[in-house]
Amino acid sequence: MENETTSISPAEVRILKNGPILIKGVFNFRDSSGKITSGEQELYLCRCGGSASKPWCDGTHNKIGVPD
Amino acid sequence: MDKNDKKYTNGEITVFWKPAKCIHATTCYRELIEVFNPRKRPWVNMDGAPTEEIIRVVRLCPTQALSFQYNKDIETEKPREEHQAEVRVMEDGPVIIMGNFVIYDADGKEINHKKMTSLCRCGNSNDLPYCDGMHRKTGFTGK
């Protein structure tokens, strides 16, 4: 079982320049309502505070800018 | 797993027993003495009742000293769940990432080797990309 657990690649979190947070790989995601999604996924989370569909990025940072 | 913890299986499910959590509420053996009999050794007899009945009674345990898992989940999902990263979006606050992850900054450089981190979602932190609590001052709202 040890071997199996170490074979799981870490989730990749990327702070995108003047853009959102990209998270991809195998991980558990819990939204603010407590809903959990698991398994392989690729998410873009708003980092500028301005998205109209938070937590997701909707491109608003292109208009208002994200400080880095 | 504590060294005193035990597990019992019937091939389909495994029942886990954590004696440190038990407050001897006696629910399990009043409900299903054929399986949970504290006078016998081992005290859990997985052949004493059908799987569904064992699950029903395990769920009644008030302290979760008793818990169970399907064996097919133990073999596949469970180890991943324990070791894979967890991402939590906090309402009106940051996104918290814990467990098995690597994080790269805007220049693609690997940063932060901690087991847990908290990333700004409001855009106002003075310590970007990390949260510094500024969302409270600016009154950030966001699901």
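Which residue is the bridge partner of A:Val13 in E6(B)? In this predicted model, that partner is B:Ile103, where helices (H or I, at least four residues) and strands (E, at least two) are DSSP runs numbered from the N terminus.

Residues are numbered from 1 along each chain as its sequence is written, while chains are lettered from A and ligands numbered from 1 in the order in which they are written. Because the model is predicted, local features need pLDDT of at least 70 and side-chain atom pairs count only at pLDDT 80 or more, whereas totals for chains, interfaces and linings use all residues.

**Confidence**

The predictor gives the complex an ipTM of 0.87 and a pTM of 0.59. The mean pLDDT of chain B is 89, and 93% of its residues score at least 70; pLDDT is the predictor's confidence in each residue, from 0 to 100.

**Chain A and its hairpin**

Chain A has two helices and four strands, which follow the pattern α-β-β-β-β-α along the sequence. Of its 68 residues, 29% count as buried; a residue is buried if 20 or more other C-beta atoms lie within 10 Å of its own, exposed if 12 or fewer, and partly exposed in between, with C-beta atoms placed from the backbone.

E1(A) and E2(A) pair in the antiparallel sense over four bridges, two strands being paired if DSSP finds at least two bridges between them. They form a hairpin with five residues between them, and A:Val13 stands opposite A:Ile23 in E2(A).

**The contact between the chains**

The contact takes 31 residues from chain A and 31 residues from chain B, two residues being in contact if their C-beta atoms, placed from the backbone, lie within 7 Å. On the side of chain A that touches chain B, helix H1 (2-6), strand E1 (11-15) and strand E2 (21-30) of chain A each supply at least two residues, and E2(A) provides the largest share, seven residues. By class, this side has 18 nonpolar, four polar and nine charged residues; Ala, Val, Leu, Ile, Met, Phe, Trp, Tyr, Cys and Pro count as nonpolar, Asp, Glu, Lys and Arg as charged, and the others, Gly among them, as polar.

E1(A) also pairs with strand E6 (residues 101-104) of chain B, in the parallel sense and over four bridges. Within this pairing, A:Glu12 has B:Val102 as its bridge partner.

**Nonpolar cores**

A nonpolar core is a set of buried Ala, Val, Leu, Ile, Met, Phe, Trp, Tyr and Cys residues joined through C-beta atoms within 7 Å. The largest has 23 residues, and those with the most contacts inside it are A:Val13, A:Ile21, A:Ile23, B:Val87, B:Val95 and B:Ile97. E1 and E2 of chain A, together with strand E4 (85-89), strand E5 (95-98) and E6 of chain B, each supply at least two residues of this core, and E2(A) gives the most, with four residues. Apart from it lies another core, of 13 residues, among them B:Phe36, B:Val44, B:Val57 and B:Phe68.

Leaving aside neighbours within four places in sequence, A:Ile21 is in contact with residues of both chains, including A:Val13, A:Leu45, B:Val95 and B:Leu119.

**The sheet of chain B**

Three strands of chain B form an open sheet in the order E1-E2-E3, with antiparallel pairing. Its edge strands are E1 and strand E3 (66-70), each of which pairs on one side only. E1(B) and strand E2 (residues 13-17) pair over four bridges, with B:Lys7 opposite B:Phe16 in E2(B).

**Backbone features in loops**

Most residues other than glycine have a negative phi, and most peptide bonds are trans. The table lists the exceptions described here.

| Site | Feature | Value |
|---|---|---|
| A:Lys54 to A:Pro55 | cis peptide bond | omega near 10° |
| B:Arg41 to B:Pro42 | cis peptide bond | omega about -10° |
| A:Asn18 | positive phi | phi near 50° |
| B:His24 | positive phi | phi near 55° |

A:Pro55 lies in the loop between strand E4 (40-45) and helix H2 (61-64) of chain A, and B:Pro42 in the loop between helix H1 (27-31) and H2 of chain B. A:Asn18, in the loop between E1 and E2 of chain A, is partly exposed because 13 other C-beta atoms lie within 10 Å. B:His24, in the loop between E2 and H1 of chain B, is exposed, with 10 other C-beta atoms within 10 Å.
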